[in-house]
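Please consult the sequence and the structure shown below while reading.

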Amino acid sequence: MNTAQSHRVVIVGGGAGGLELAARLGSRFGPSHITLVDANPFHVWKPSLHEVAAGTLDIHQEGLSYPMLARDRGFRFVMGALRGLDREARVIHIAPVVAPDGEEVLPARQLHYDTLVMAVGCGANFFNTPGAAENAIALDSTAAAERFRLSLLKLIARRELSSAGEAVDMTAEERDAAARALHIVIVGGGATGVELAAELHESTQSIYSYGRAPESLSSQAQIAVIEGGPRLLVPLPDSVGEAARQLLIERGVKVHLSTRVADVSEEGVRDSNGNFYPADLVVWAAGIKASPLLATLGLAVNKLNQIEVDKRLRTEDTNIYALGDCAAAPWGNEGKTLPARAQVANQQASWLAKLIGARIENKPEPGGEFVYRDHGSLVSIGQGGGVGSLMGGLAGRNMFVRGIIARMMYMSLHLMHHAAVLGIFRTGTLALGRFLTKRSRPLVKLH
């Protein structure tokens, strides 16, 4: 193993876990030791992608620049997507960066490492459902969330034009489609599906209100959630799932439980019983799967392409670790793996920072295994409320929370993530600035 003067740590993936790990290590050891690699130039906290899709959060305000973070927190940032791995030479291959017009901005490159950390996250799992990959949008990236938002705005704009009698260039079929209510179907009743449904209920009302009288809004957007299980939010306590269902129904969202999707087309979604749900937009939030690239790196992966690691988050290669959604980390002794949650990645980053810090300093690594402590889960139900379960609350009992208190606690999680990568003072300044600027902006991003 190299000495502290030359040990190189490369972290691939700037999500919640990867970025926090880079910030923690960078502030201690500096850019000569710590390099973060990501295909994007800025970071958006993944649990907030449903707000990006609904237009209630602007990525150009929310996004944190990786080069800025690198300078402030003491690590080096390299932009580009992972393309390959040479374990023998301890080299990763990075794909070129290409502009939208096809021009190559940055060439393909190589990075040498002594310790490599994989933190590339996961994408959508369509479970081989016919038409799903082609006709549904999965909120697994900032680009996908923005694509959904723009598609939503286009559909609403055409309906506004049609209702005003100005759609002279539309065919009769297009005018009929624009005249009826907008149908949005969300496949999957987990946290992403539930949060998106609630956020869309509020954002579509806001978008329509900018060009239409409030009394005409109720029938303009019809949102449905299709869940294959018997209830929403299956990993959470029954009380949380039932509370979420009631809150969605109160907002006019149709919830279909124990319903399996058979296929997705341009016209809508069909379930296994032959029922058809018309849809102008379909969102797929029914499961996760890691990139197929991970299965080509020579590391052991599971059926979801997640990298298999031991209880120290180490792969079969002692110089390579993995954390977050892309890692199949053991949970207990029953063959389970840790869930894909931001708090898992946060805790893994904190634990790995100590272990890798010892490697950089050429000191004995701390003993023990990574232990996940479940602090509960919170789900946002629109801007004014939420539901959640807090593990080990007052008097050692689990607590059920809902309403504005749950929403405020949910928002605090986002601020805690920012504090980990920006520091407390800058996070407070940023939060205050956004609170003030919201008074001069529309409720949703309209362009």
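Which residues line the largest cavity? The lining consists of Q306, G324, D325, A327, L338, P339, A340, R341, V344 and A345.

## Basis of the model

The model is predicted; local features need pLDDT of at least 70, side-chain atom pairs count only at pLDDT 80 or more, and totals for chains, interfaces and linings use all residues. Residues are numbered from 1 along each chain as its sequence is written, and side-chain values use heavy atoms, with hydrogens and water left out.

## Overall fold

The protein chain contains 12 helices and 29 strands (DSSP runs numbered from the N terminus: helices are H or I of at least four residues, strands are E of at least two). Of its 447 residues, 49% are buried (buried means under 20% relative accessible area, exposed over 50%, partly exposed in between, with a 1.4 Å probe and protein chains only). Among contacts with a separation of 6 or more, 63% join residues 24 or more positions apart (contact means heavy atoms within 4.5 Å).

## Cavity

The structure holds 1 cavity of 30 Å³ or more, and the volume of the largest cavity is about 40 Å³. A cavity is a set of points, on a 1 Å grid over the protein atoms alone, where a 1.4 Å probe fits but cannot get out; lining residues have an atom within 4 Å of a point. Points are joined across faces, edges and corners, and the volume is the space filled by probe spheres set on them.

The lining of the largest cavity comprises 6 nonpolar, 2 polar and 2 charged residues (Ala, Val, Leu, Ile, Met, Phe, Trp, Tyr, Cys and Pro count as nonpolar, Asp, Glu, Lys and Arg as charged, and the others, Gly among them, as polar).

## Nonpolar cores

In the largest nonpolar core, which has 58 residues, L21, I92 and M118 touch the most other members (a core is a set of buried Ala, Val, Leu, Ile, Met, Phe, Trp, Tyr and Cys residues joined through side-chain atoms within 4.5 Å). Helix α10 (residues 342-360) supplies the largest share of this core, 8 residues.

Beyond its neighbours within four places in sequence, L21 contacts I11, V117, L323, A349, L352, A353 and I356. Another core, of 40 residues, lies apart from the largest one and includes L182, L200, L233 and L281.

## Annotated region

An unreviewed UniProt entry places a "transmembrane region" at residues 415-436; such annotations, given in the numbering used here with shortened feature names, may be inferred rather than shown by experiment. Over residues 415-436 the chain is 95% helix and 0% strand, with the end C-alpha atoms 16 Å apart.

Terms used:
1 Å grid on protein atoms, 1.4 Å probe; cavity = no way out; pocket = protein on both sides within 12 Å on 5 of 7 lines; lining within 4 Å.
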